[in-house]
Amino acid sequence: MIRRVLLMLAVIAVMAGIIAFYQLAAVRARTGADSPLFSTRRYDPYGTAAIRDLLVERGIPVRTLERPNLHPEDRGVLIEVLDLPGERIRTDQLLEWISKGNTVVQYTRHYSNLMAALKMAATTRPFQPNFDQIEAAEGEGISPEQTDFDQVHARISSMPGAQLAMWQPMKLTAPTTNPFWKTLARTDDRRDAVVAAQLRIGRGKLIIVGAPEPALNGMLDKGNNLDFLLSVVGNGPVLLDEWSHGLGKEPTIMGLLHEVGLLPLLFQLAGIVILYVWSTSGFARRDYTAHARRRSGAEQIQTLGFLYERSFNQEMTRERITAEVKQRIASALRCAPEDLSKTAGQIKGNLGEKIDQLLKQLDSLRDDKAFAQVLTASHEIQREVRRERRAIR
């Protein structure tokens, strides 16, 4: 018994731990503490959840891409906010997808694989003293407004008077002869460097923005970052690349369990199994208790008479049997034992005569045989009354 109680307490503790774990995990995922940098699951300044929410509010179809490839039915604008060099989606797939009339927008200060495939000239990383500090602040989730970094403003060519606001952007080198190249934004200083550009590929286009900040929660409302994004997106639909952030459902069972956060649950279930095995281990006790044999009504009455004979004298036995018989018949007739004679007199037919005869026999009980006969007769009358009651129903 103690082992079962301990097992139940252990299971309750494990279940409470599971509930607490997933409740805390949901809160941390909402705040973005456990989500990758620049993910739509982050709601701090370095997440991109604001893009998704704003596009949804404007009625633009938007969803996240959480798989390693683009399907033929996918179309529209793919937005990639990259924090590391390259991207996880295959470059040849991206090029083919763009050529079919779609748009890829990459917000990155690193030289991506797609840029390398298209031989777009750019510095692999900005060589300015604040670059390492900026990436460290992004990784720690420190708000840009809490740092001492100066914003870089870039004039948007297609929007007079409008500017992009960013930190430490990657500079692009505009080709001298390329009819498919278009400069979108230049820094608003004497260097006049290109920080955003567009390249036509087939029926689609690739847009490079030299920093992730114009798409982040903390900077989306700065300058004309949002206006620039909406001009690029148009009417959509929009895909937000989360696969490049390490989020998504791989085509394996373990990958799916890892993605939805169920790997800890596997260890918890294993713990429950171990607790169960531990609680039921040891030598099994053999049950020597014989199964009770079902006895007939007559045998039970005879046994009761025998017990009465051993326990009481004849006079006390007669009183007990008389009370037992009256209680049985009164229960069947649904009346009080003291009203039994009056109720029996109201019953017509053979049943009423049997009850009346039995009540008279109670006054002449003298031996064990008579005791058993009266108890047997009372049992039969009780069953007959119940049968007639069911027949009336």
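This note walks through a predicted model, from its overall make-up to a few single residues.

1. Basis. The model is predicted: local features need pLDDT of at least 70, side-chain atom pairs count only at pLDDT 80 or more, and totals for chains, interfaces and linings use all residues. Residues are numbered from 1 along each chain as its sequence is written, and side-chain values use heavy atoms, with hydrogens and water left out.

2. Overall make-up. The protein has 13 helices and 9 strands. Both are DSSP runs numbered from the N terminus: helices are H or I of at least four residues, strands are E of at least two. Of the 393 residues, 38% count as buried. Buried means under 20% relative accessible area, exposed over 50%, and partly exposed in between, with a 1.4 Å probe and protein chains only.

3. Surface and contacts. The accessible surface comes to about 23200 Å². Carbon and sulfur atoms hold 54% of that surface. Areas come from the Shrake-Rupley method with a 1.4 Å probe; for residues, only the protein chains shown count as cover. Among contacts between residues at least 6 apart in sequence, 65% join residues at least 24 apart. A contact means heavy atoms within 4.5 Å.

4. The sheet. The 9 strands form an open sheet with mixed pairing. The order is β1-β9-β2-β3-β8-β7-β6-β4-β5. Two strands pair if DSSP finds at least two bridges between them. β1 (62-65) and β5 (163-166) stand at the edges, each with a single partner strand, so one side of each has no neighbour in the sheet.

5. Strand β2. Look at residues 77-81: 5 of the 5 residues in β2 are buried. V77, I79 and V81 point one way, while L78 and E80 point the other way. On one pairing, 5 bridges link β2 to the parallel strand β3 (residues 103-107). On another, 3 bridges link β2 to β9, also parallel. V77 has a bridge partner in each: T103 in β3 and V238 in β9.

6. Helix α3. Which residues of α3 are buried? They are T91, L94, W97 and I98. Seen down the helix axis, the buried residues of α3 fall within an arc of 125 degrees, so they line one face. The arc is that of the directions from the helix axis to the C-beta atoms. An α-helix has 3.6 residues a turn, so residues three or four places apart point the same way. The cover over the buried residues of α3 includes β2, β3, α4 (113-117), β7 (194-201) and β8 (204-209). After α3 comes G101, with a positive phi near 110 degrees.

7. Backbone points to check. The peptide bond from G236 to P237 is cis, with omega near 0 degrees. P237 lies in the loop between α6 (225-233) and β9 (238-241). F38 is not a glycine, yet its phi is positive, about 70 degrees. F38 sits in the loop between α1 (2-31) and α2 (49-57). R334, also a residue other than glycine, has a positive phi near 60 degrees. R334 is in the loop between α10 (314-333) and α11 (340-345). Are these two residues buried or exposed? F38 is buried, with a relative accessible area of 1%, whereas R334 is exposed, at 60%.
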